[in-house]
Amino acid sequence: MNKIFAAILTISLLAVNAEAKKIKFDYSVVNVPEEGGVNFERITDDADCVLYTVNNRTGIFGKKKASGVDWWVNPQIAISPDGQKIAYINLKNGTQNIMVKNAKKGGASVQRTFRTAVEDFSWSPDGTTLCFTEVRNGHHGIYLVNAEQGSVVKQISGGNDNDYGGVLSRDGNTIFFHRGEGFQSYSIWSYDRKTNLFSNYSRGMTPVLIPGKDNEIYCARFTDQKESEIWRINFETGVEEIILSQPGRSFTTPQLSPDGKWLLVTGTSVSEKEKAINTDIFVVRTDGTNLTQLTYHPGNDMSAIWSPDGKEIYFLSQRGSANRIFNVWKMSFDL
């Protein structure tokens with residue numbers, strides 16, 4: 001992976017309590033008291049080798065005394081539009097590829113890409129296509145592959161670009177993504193599959209399309225403090241509205257609920273008892289109100305997505321694993 005861009009697309013943040021002593025915790029515990037009443041169901045198992053995406057460390061971007069957590073902000077799991085299949089990135093034998101399994105029953109996984117270094121992906125609204133990012137020759141590019149069969153891949157990005165987080169429009173013609181052009185410098189782009197034209201819109205990353213509003217998106221943006229905020233941008237009017245921001249914290253990877261009322265995000269938190277910095281799952285109303293933390297496990301929870309009916313949330317988590325191995329989990333949503 002290109003070292004410069006790998007560093008850019010992780011988010012680092014200072015500990016709320018950097019001097020807190022770490023308390024040993026049994027990560028094999030599935031839920032903690034703060035999550036009382038929530039049913040968690042594991043979809044994958046350790047043998048699925050779900051890609052590892054987060055790192056707790058000391059010394060962030062040259063700040064020797066800082067403590068924090070970094071995570072890859074781009075979507076790494078996806079669910080088919082009919083809710084029947086869940087897909088994730090598998091890391092095995094030195095390669096990273098998209099695997100698909102039954103979202104309800106689990107079971108065996110089917111390999112859907114046969115590449116070297118898939119980093120993120122999304123499912124097209126009509127269920128026919130997977131849009132993914134792969135590293136090739138030191139550059140990150142957008143590619144398309146049939147979601148059901150075959151291994152023929154169509155390349156979208158140029159060989160010298162660094163593009164991530166592609167999502168297809170509802171009609172399948174336009175691909176929105178973000179392009180890295182320097183440290184913390186990301187901008188929203190689109191590619192028209194009919195005209196083969198690229199368009200540049202605004203600063204931001206991980207664009208989220210809004211059904212019925214072709215000129216509006218949600219996205220994440222870095223601040224000067226290397227933290228991340230959630231924004232809503234109207235390309236037609238030029239209005240840019242901040243939805244979610246808190247000093248000392250980061251929120252990334254927004255996902256719009258099927259009813260259009262909530263944004264699902266990954267954010268930083270500090271566990272009450274263990275005082276450990278990690279990532280958790282949050283929701284916030286699309287007007288920026290009612291920020292609610294959904295998970296509290298000292299293990300990292302991240303890259304959450306909605307089920308098509310909005311009643312369930314799938315996410316990556318280290319919970320339930322004494323060795324802190326990531327798996328895909330499912331929880332109910334009722335707010």
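A residue is taken as buried when its relative accessible area is under 20%, as exposed when it is over 50%, and as partly exposed in between. In the predicted model described here, Lys-330 has a relative accessibility of 8% and therefore counts as buried, whereas Glu-312, at 21%, counts as partly exposed. The two side chains form a salt bridge in which the closest N and O atoms are 3.6 Å apart. Glu-312 belongs to strand E25 and Lys-330 to strand E26, so that the pair links distant parts of the chain, 18 residues apart.

In total, the count of salt bridges comes to 13. One of them joins the side chains of Arg-115 and Glu-134, with a distance of 2.8 Å from N to O. Arg-115 is placed in the loop between strand E7 (106-111) and strand E8 (118-123), while Glu-134 is found in strand E9 (residues 129-136), and the pair, 19 residues apart, links distant parts of the chain. Glu-134 has a relative accessible area of 0% and is therefore buried.

A further salt bridge is made by the side chains of Asp-301 and Arg-319, at 2.7 Å from N to O. Because Asp-301 lies in strand E24 (residues 301-306) and Arg-319 in the loop between strand E25 (312-317) and strand E26 (327-332), the pair ties together parts that are 18 residues apart in sequence. Both Asp-301 and Arg-319 are buried. Arg-319 also takes part in a contact with an aromatic ring, as it lies over the face of Phe-40 at 4.1 Å from the ring centre.

Trp-72 and Tyr-164 form an edge-to-face pair, with 6.2 Å from centre to centre and 65° between the planes. Trp-72 lies in the loop between strand E3 (63-71) and strand E4 (77-79), and Tyr-164 lies in strand E12 (residues 163-168), so the pair ties together parts that are 92 residues apart in sequence. Both of these residues, Trp-72 and Tyr-164, are buried.

The pair formed by Tyr-191 and Phe-198 is tilted, with 4.9 Å between the centres and 45° between the planes. Tyr-191 is buried, with a relative accessible area of 7%, whereas Phe-198, at 33% relative accessibility, counts as partly exposed. The ring of Phe-198 also has a charged group over it, namely the charged end of Arg-179, which sits 5.6 Å from the ring centre. Elsewhere, ring pairs link Phe-176, Tyr-201 and Phe-235 into a cluster.

Among the strands, an open sheet of four has the order E20-E21-E22-E23, with antiparallel pairing. Strand E20 (251-256) and strand E23 (292-293) stand at the edges, and because each has a single partner strand, one side of each is left without a neighbour in the sheet. The antiparallel pairing of E20 with strand E21 (residues 262-270) extends over four bridges, and Thr-252 stands opposite Thr-266 in E21.

Phe-251 is also involved in a contact with Ser-228, in that the backbone oxygen of Phe-251 lies 3.0 Å from a polar atom of the side chain of Ser-228. Ser-228 is located in strand E18 (residues 228-234) and, at 1% relative accessibility, counts as buried. The C-alpha atom of Ser-228 is separated by 9.9 Å from that of Val-73, although these two residues are 155 residues apart along the chain.

Asp-48, finally, is found in the loop between strand E1 (40-42) and strand E2 (54-60). With a relative accessible area of 11%, Asp-48 is buried. When residues up to four places away in sequence are not counted, Asp-48 touches Tyr-88, Asn-90, Lys-101 and Ser-109.

Conventions. Residues are numbered from 1 along each chain as its sequence is written. This is a predicted model: local features need pLDDT of at least 70, side-chain atom pairs count only at pLDDT 80 or more; totals for chains, interfaces and linings use all residues. Side-chain values use heavy atoms; hydrogens and water are left out. Two strands pair if DSSP finds at least two bridges between them. Helices (H or I, at least four residues) and strands (E, at least two) are DSSP runs, numbered from the N terminus. Buried means under 20% relative accessible area, exposed over 50%, partly exposed in between (1.4 Å probe, protein chains only). A polar contact is a pair of N or O atoms within 3.5 Å; within protein, one must be able to donate a hydrogen and the other to accept it, and residues adjacent in sequence count only if both atoms are side-chain atoms. A salt bridge is a side-chain nitrogen of Lys or Arg within 4 Å of a carboxyl oxygen of Asp or Glu. Rings of Phe, Tyr and Trp (its six-membered ring) pair if their centres lie within 6.5 Å; planes under 30 degrees apart count as stacked, over 60 as edge-to-face and the rest as tilted. A charge sits over a ring if NZ of Lys or CZ of Arg is within 6 Å of the ring centre and within 35 degrees of the ring normal. Contact means heavy atoms within 4.5 Å.
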